[in-house]
Amino acid sequence: MQTRLQEMKESALGQISQVTEAAQLQDLRVKYLGKKGELTELLRGMGSLSPEERPVVGQLVNEVREALEAAFSGKQKAFEEAALNAKLSSQTIDVTLPGRPVPAGTMHPLSRIIEEIEDIFIGLGFEVAEGPEVEMDHFNFEMLNLPKDHPARDMQDTFYVTEELLLRTQTSPVQARTMLKKEGKTPLKMICPGKVYRRDDDDATHSHQFTQIEGLVIDKKIGMSDLKGTLLTFARQMFGENQQIRLRPSFFPFTEPSVEVDLQCFNCGGQGCRVCKQTGWIEILGAGMVHPRVLEMAGYNPEEVSGFAFGMGVERIAMLKYAVEDIRHFYTNDVRFLRQFNRG
Ligand code: DAH
């Protein structure tokens with residue numbers, strides 16, 4: 001029996017080494033190691049062996065089985081590797097093929113301007129605040145010294161949600177909200193960028209939704225000169241070192257006195273041209289000293305502190321800075337327009 005086992009092992013190993021296809025290998029495996037395979041047959045014959053022979057033969061059977069299994073799996077692996085190699089060499093990757101460009105978005109020009117303006121004011125010690133776009137009449141108007149029947153409400157035609165709720169017409173309500181949050185503490189220096197809404201018919205210079213940046217400073221001994229100095233610094237950082245500004249008397253219910261601030265025309269340097277309608281000046285924002293009533297309503301004592309405020313239209317600044325002739329370009333998202341602001 002030992003000799004038969006040895007012979008079987010030799011011939012099986014010989015056959016395995018000759019196999020050239022995976023299917024043949026499987027057949028051989030069945031032939032030798034299968035349920036009705038030759039090794040199994042031989043094992044059945046073990047019953048006729050003497051008790052002394054049995055362990056010796058049993059060990060030999062195991063050795064043969066192990067040898068055959070190792071040979072089968074070695075061959076199997078070789079087949080798999082060959083198959084993989086064949087696949088790899090038949091499928092080539094052309095690493096010289098140019099890649100497909102993935103179009104990347106760019107920062108929107110309005111976001112860019114807002115960031116630029118924020119950076120300037122942060123440099124002056126201001127904080128950036130935010131407020132809700134769906135606002136209460138109370139904050140949008142009443143806290144800004146515009147009671148229900150005030151004629152100046154007509155200056156800002158309003159989208160009402162309910163009688164008390166509206167889409168804010170200006171970022172000025174954030175003034176009141178910030179003051180209340182401060183609970184009478186000074187100094188307060190904040191700007192607030194955000195969307196505002198008005199019932200306007202859209203055209204080249206009007207939009208029912210646009211963007212403002214509000215500014216508010218409250219402290220002891222704040223005067224008109226602080227307002228002018230701050231806005232001059234802003235104008236020079238935004239539009240150039242030699243910029244001049246001009247303050248003209250105006251009216252806003254929440255400031256007294258109120259001014260409109262003009263920028264010397266950067267197109268003609270003040271000589272008068274088409275851009276400034278021959279005046280040499282361009283209006284860029286509204287401002288003033290915070291009205292004592294407004295301070296009082298928001299918890300500040302106008303006998304002790306004073307403040308200035310300003311509000312500017314971001315689109316207007318962007319249109320001036322980049323010579324954009326139609327406000328609607330900012331909202332229609334024509335990539336040919338937007339790409340011009342991509343400076344990498
Ligand atoms: N809220 C005003 C508007 O939308 C702009 C404005 C003017 C804001 C004067 C102010 C200010 O803070 O002091 O027309």
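Trainee: By class, which residues make up the shell around the ligand?

Mentor: The shell around the ligand has five nonpolar, nine polar and two charged residues, where Ala, Val, Leu, Ile, Met, Phe, Trp, Tyr, Cys and Pro count as nonpolar, Asp, Glu, Lys and Arg as charged, and the others, Gly among them, as polar. Bear in mind that this is a predicted model, in which local features need pLDDT of at least 70 and side-chain atom pairs count only at pLDDT 80 or more, while totals for chains, interfaces and linings use all residues. Residues are numbered from 1 along each chain as its sequence is written, and side-chain values use heavy atoms, with hydrogens and water left out.

Trainee: And which residues come nearest to the ligand?

Mentor: Gln170, Gln175, Arg198, Gln212 and Glu214 come nearest, out of 16 residues around the ligand; a residue counts as near if one of its heavy atoms lies within 4 Å of the molecule.

Trainee: How far is the polar side-chain atom of arginine 198 from the ligand oxygen?

Mentor: That separation is 2.8 Å, between a polar side-chain atom of arginine 198 and an oxygen atom of the ligand. A polar contact here is a pair of N or O atoms within 3.5 Å; within protein, one must be able to donate a hydrogen and the other to accept it, and residues adjacent in sequence count only if both atoms are side-chain atoms. The backbone takes part as well, with a polar backbone atom of alanine 309 at 3.2 Å from a ligand oxygen and a polar backbone atom of phenylalanine 310 at 3.3 Å from a ligand oxygen. The protein covers 92% of the 350 Å² of accessible area that the ligand has on its own, with areas from the Shrake-Rupley method with a 1.4 Å probe; for residues, only the protein chains shown count as cover.

Trainee: Which strands each supply at least two residues of that shell?

Mentor: They are β5 (209–219), β8 (281–290) and β9 (306–313), where strands (E, at least two residues) and helices (H or I, at least four) are DSSP runs numbered from the N terminus.

Trainee: OK, so how do β5 and β8 join to β9?

Mentor: Eight bridges join β5 to β9 in an antiparallel arrangement, with aspartate 219 standing opposite serine 306 of β9. Five bridges join β8 to β9, also running antiparallel, and leucine 285 has methionine 312 in β9 as its bridge partner. Two strands are said to pair if DSSP finds at least two bridges between them.

Trainee: How many residues of β9 are buried?

Mentor: Six of its eight residues are buried, so to speak mostly covered, where buried means under 20% relative accessible area, exposed over 50%, and partly exposed in between (1.4 Å probe, protein chains only).

Trainee: Zooming out, what is the order of the strands in the open sheet?

Mentor: The open sheet of seven strands runs β1-β4-β5-β9-β8-β7-β6, with mixed pairing. Its edge strands are β1 (127–128) and β6 (245–252), each of which pairs on one side only.

Trainee: What about β4, which strands does β4 pair with, and in which sense?

Mentor: Strand β4 (residues 188–197) pairs with β5 in the antiparallel sense over ten bridges, including leucine 188 with isoleucine 218 and methionine 190 with leucine 216. Two bridges join β1 to β4, and these strands run parallel, with valine 128 partnered by isoleucine 191 in β4.

Trainee: Why is β4 described as largely enclosed?

Mentor: Because eight of the ten residues of β4 are buried, the strand is largely enclosed by the rest of the structure.

Trainee: Switching to the records, which residue does UniProt list for "binding site"?

Mentor: The unreviewed UniProt entry lists Glu256, and such annotations may be inferred rather than shown by experiment; their positions are given in the numbering used here, with feature names shortened. In the model, glutamate 256 lies in strand β7 (residues 255–264) and is partly exposed, with a relative accessible area of 46%.

Trainee: Last one: is leucine 227 buried or exposed?

Mentor: Leucine 227 counts as buried because its relative accessibility is 0%. This residue is found in helix α8 (residues 224–239), and the C-alpha atoms of leucine 227 and alanine 287 are separated by 8.2 Å although the two are 60 residues apart along the chain.
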